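Hi,

Here is the structure I promised to pass on.

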Amino acid sequence: MTPSVRRRSRRINGRRSLASGAIGVVLVAGLGGLGAGPAQAKAGPVKADDGARVTAEKKVGAREVDITIASPALGKSVKTRILLPANWTRDSTATWPVLYAFHGGQDDYTSWTKNSDIEAWAAKYNVIVVMPEGENGSYTDWYNYGKGGSPKWETFHTAEVRQLMERNYHAGALRAAIGNSSGGAGAMAYAARHPGLFKYAASLSGILSMRSIGMPAMLMFTNAGNGQDPFAIWGIPWADDANWQAHDPYTLAPKLRGTGLFFSAGTTGRPGAGDPNVAPWDIGLLSEIAVGANNKDFQKRLDELKIPYTAHIYGDGRHNWPAWVRETRFVWPALMKSIGARQA
């Protein structure tokens, strides 16, 4: 893989350097630090500000837990997967740096662990990794023709999940975010809409310029194909342009100054290493051409603003996990460094 990396900083090895319902009865027991502590067994977990609460917790791995969250922002219960560091204990008074890993469309809260080595990567560092549920159109509070209301995915991710992690699982204030596809766009948009929330934001094949030529139509088509009302998410393109601008990383780019940035995408529409042997008209190949061009628009915008970043706009590669695993493996040390996660 021959990188094409640009940033206003020095080059290293061919790349630029990277700048209250109680749940005591359902908490997992017999897992060392994951057992219910006396305070939780007595009083239950602490709620988020809007009343979101953890209603169930299930051990799914040595240091891996799935929780169920009753979310007022979504009007329903959804799950989140958590990876905990080896020295984590429920009754600790310490906090840990945290990485939020957002998934793309057609995926769910289990996709990062199913499709990547994120468990092994995380185990090497003193870090909590949080993988919340999302859905198509899941990285915004829906516009709903100007009426607002649920689903409020942005509120779920940036307020409810964050507060529950900090109040019940010792997640600290040093945070980073990574996401693939729509999750990458979400990570970048959240970083811009909430300056200071993340020390670092990484997007893997995310649409980072929502209003570029052809992008609104592509987003509308994709969400309509997934059974969503495409106009309910951000509004009608151009007619509700103010709301589109308010969620567009390209438009919001000045607010990304001071946040570590990484983004990557393919450009050729040809399969890359590890990709399946598919026809040239495969949607995973064709869509990555559009995403790559879109990332170049975002890159040009950052250059104009003189905002530092690291970009890997590569050639061959499908819109799928083999490329995202390679890119995550590269950016992982920078993510960990940005939040002060020490090697275990």
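Before anything else, a word on burial: I call a residue buried under 20% relative accessible area, exposed over 50%, and partly exposed in between (1.4 Å probe, protein chains only). What you have is a predicted model, so local features need pLDDT of at least 70 and side-chain atom pairs count only at pLDDT 80 or more, while totals for chains, interfaces and linings use all residues. Residues are numbered from 1 along each chain as its sequence is written, and side-chain values use heavy atoms, with hydrogens and water left out.

pLDDT is the predictor's confidence in each residue, from 0 to 100. The chain averages 89, and 88% of the residues score at least 70. Residues 1-32 are below 50, although this stretch has 83 contacts in the model beyond near neighbours in sequence (contact means heavy atoms within 4.5 Å). Residues 36-42 also stay under 50, with eleven contacts beyond four places in sequence. Where pLDDT is low, the predicted coordinates should not be read in detail.

The overall picture

The chain has 344 residues, and 56% of them count as buried. Its secondary structure comes to ten helices and eleven strands; these are DSSP runs numbered from the N terminus, with helices (H or I) of at least four residues and strands (E) of at least two.

Inside

A nonpolar core here is a set of buried Ala, Val, Leu, Ile, Met, Phe, Trp, Tyr and Cys residues joined through side-chain atoms within 4.5 Å. The largest one has 59 residues, and Ile-128, Met-165 and Phe-263 have the most contacts inside it. Apart from that core lies another, of 29 residues, including Met-131, Ala-202, Val-331 and Leu-335. Leaving aside neighbours within four places in sequence, Ile-128 touches a list of residues, among them Leu-84, Trp-88, Trp-96, Tyr-169 and His-170.

Salt bridges

The search of the whole structure finds twelve salt bridges, each being a side-chain nitrogen of Lys or Arg within 4 Å of a carboxyl oxygen of Asp or Glu. Here are some to click on:

- Arg-90 pairs with Glu-57, with the closest N and O atoms 2.8 Å apart. Arg-90 is in the loop between strands E5 (76-83) and E6 (96-102) and Glu-57 is in strand E3 (residues 53-61), so the pair ties together parts 33 residues apart in sequence. Both Arg-90 and Glu-57 are buried.
- Asp-117 meets Arg-329 at 3.9 Å, N to O. Asp-117 sits in the loop between helices H2 (111-115) and H3 (118-123) and Arg-329 in helix H10 (residues 321-338), so parts 212 residues apart in sequence are tied together.
- Glu-154 bridges to Arg-193, with the closest N and O atoms 2.8 Å apart. Glu-154 is in helix H4 (residues 153-168) and Arg-193 in helix H5 (residues 182-193), 39 residues apart. Glu-154 counts as buried because its relative accessibility is 4%, whereas Arg-193, at 32%, is partly exposed.
- Glu-64, Asp-66 and Arg-81 are linked in a network of salt bridges.

Trp-281, Ile-283, Leu-286 and Ile-289 make a nonpolar patch of about 460 Å². Patches are made of residues with over 30% relative accessible area and no salt bridge; like charges are joined within 9 Å and nonpolar side chains (Val, Leu, Ile, Met, Phe, Trp, Tyr) within 5 Å. Ile-289 belongs to helix H9 (residues 283-305) and is partly exposed, at 34% relative accessibility.

Cheers

Notes:
Accessible areas come from the Shrake-Rupley method with a 1.4 Å probe; for residues, only the protein chains shown count as cover.
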